[in-house]
Amino acid sequence: MDKPKLWTKDFIMVSSTNFFTHVVFYLLMTSVAMYVTTAYHASQSMAGLAAGIFVLASLVARLFTGKYLDRIGRKRVLVGSLIVFFVVMVLHFQADSLAFLMVLRFIQGAMHGAITTAAGAIVADIIPNERRGEGTGYYATSMNLAMAIGPFLGMFIMRIADFHMIMLAASIIALIDLISAVFLTVPKADLTEQQLKEMARFQVRNFFEPAALPVSVAAFAVTLAYSSLLSFLSLYAKDIHLVNAASYFFIVYAAALILTRPFTGRWFDEHGENFVIYPLLICLTTGFLLLSQAHSGWMLLAAGALIGIGYGTVQSCFQAIAIKLSPPHQKALATSTFFIFIDLASGAGPYLLGIAAGFMSFRFLYLAVAGWIVAGISIYYAVHGKKAKMERKTAVAESINKS
């Protein structure tokens, strides 16, 4: 039987929106910490806060976007948020103080949360259920590409120009992002009036999708470790005299991820989540272990490849699980719930790890991160892996009995 079509015009357009939004995010994320320490003579913890406040604002916005998205309208939220996102990006040129920069970072972070929540809910309806793992994987690849291109542009521009050039590049990309979203056709949410009324009630449980919570906890643990890479890789590379190699780190990251993406998504759909998630977490642990011991360019880039395969793929797997386990009419809330935990880890991580970096070397920090991911494997097993294993055994037994 033929598989339902995945690569439609709208799937490509919403993936483009996801890509451009995250290019701006990562372009700024990997350069703002260094800018704050040099331009404002701030401490490493304040530099981490400047990076993390964007993500914390995104978290706050997701709480309300996931709840009210379908009442306001998905495309209305998407386009409206992109307009504010672009305007605030342009206002970065007027940031003549650290306080003003923090305010702009907070507002733009909130818009980022609204944009990605709306886009995630839209794509969840566009992807056929039979290709959930594969489709979510390819959609996440648009963000993974941004993970490579954004930091690469940031590091490259900081070497040849200053932060003002980064702001110009980010403003142009944000404008392209807005234009691409205008041409997107958004499926109408299939919700009853009773469901809309239930979602509108101001109750704590209406801000989170319970079915998505367990795997979101596992995603939080892994992303907390990964956040150390975004904020401090450039500083670590400077310490170990591998700045030139580090400028290609995220390019190798993306290349390794893209090469493995075509079959990891299919394996997820055909063999179950545990079949891919455990090897990916081991791969991620190995990547950070190698990073902590890097003394040459090839070691640094090999770590980038392993981390790209590990984190880039496991995050999309966790997202697919969150959506798969949630009721059909709660896809927007499930998406919001998942990314709230991702944002919480990405926002708190740079600040907490920035404090830790003040008491230890970056080498030891990344060694500790590798150990934390090992603990994350146990967390995944406890919150979902054990249950998924039993369900897989049951499904296989029923299939054998039917045949």
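Modeller: What follows starts with the whole chain, goes on to the patch, and ends with the rings and cysteines.

This is a predicted model, in which local features need pLDDT of at least 70 and side-chain atom pairs count only at pLDDT 80 or more, while totals for chains, interfaces and linings use all residues. Residues are numbered from 1 along each chain as its sequence is written, and side-chain values use heavy atoms, with hydrogens and water left out.

The protein chain has 14 helices and 0 strands; helices (H or I, at least four residues) and strands (E, at least two) are DSSP runs, numbered from the N terminus. Its radius of gyration is 20 Å, close to the 22 Å that the globule rule gives for 403 residues, so the chain is as compact as a globular protein of that length. That radius is taken over C-alpha atoms, and the rule is 2.2 Å times the number of residues to the power 0.38. Of the 403 residues, 57% are buried, where buried means under 20% relative accessible area, exposed over 50%, and partly exposed in between (1.4 Å probe, protein chains only).

The nonpolar patch on the surface consists of Leu-289, Tyr-351, Leu-352, Ile-355, Phe-359, Met-360, Phe-364 and Leu-367, which together have about 770 Å² of accessible area. Areas come from the Shrake-Rupley method with a 1.4 Å probe, and for residues only the protein chains shown count as cover. Patch residues have over 30% relative accessible area and no salt bridge; nonpolar side chains (Val, Leu, Ile, Met, Phe, Trp, Tyr) are joined within 5 Å, like charges within 9 Å. A salt bridge is a side-chain nitrogen of Lys or Arg within 4 Å of a carboxyl oxygen of Asp or Glu.

Helices α13 (331–357) and α14 (362–402) each supply at least two residues of the patch, and the largest share, 3 residues, comes from α13. Leu-289 lies in helix α11 (residues 273–292) and is partly exposed, at 41% relative accessible area.

Phe-338 and Phe-339, by contrast, are both buried. The whole structure holds 16 aromatic pairs. The rings of Phe-338 and Phe-339 have centres 5.2 Å apart and planes at 85 degrees, so this pair is edge-to-face. Rings of Phe, Tyr and Trp (its six-membered ring) pair if their centres lie within 6.5 Å; planes under 30 degrees apart are stacked, over 60 edge-to-face and the rest tilted.

Last, the cysteines. There are 0 disulfides in the whole structure, a disulfide being a pair of cysteine sulfur atoms within 2.5 Å. The sulfur of Cys-283 is 12 Å from the closest cysteine sulfur, in Cys-317, too far for a bond.
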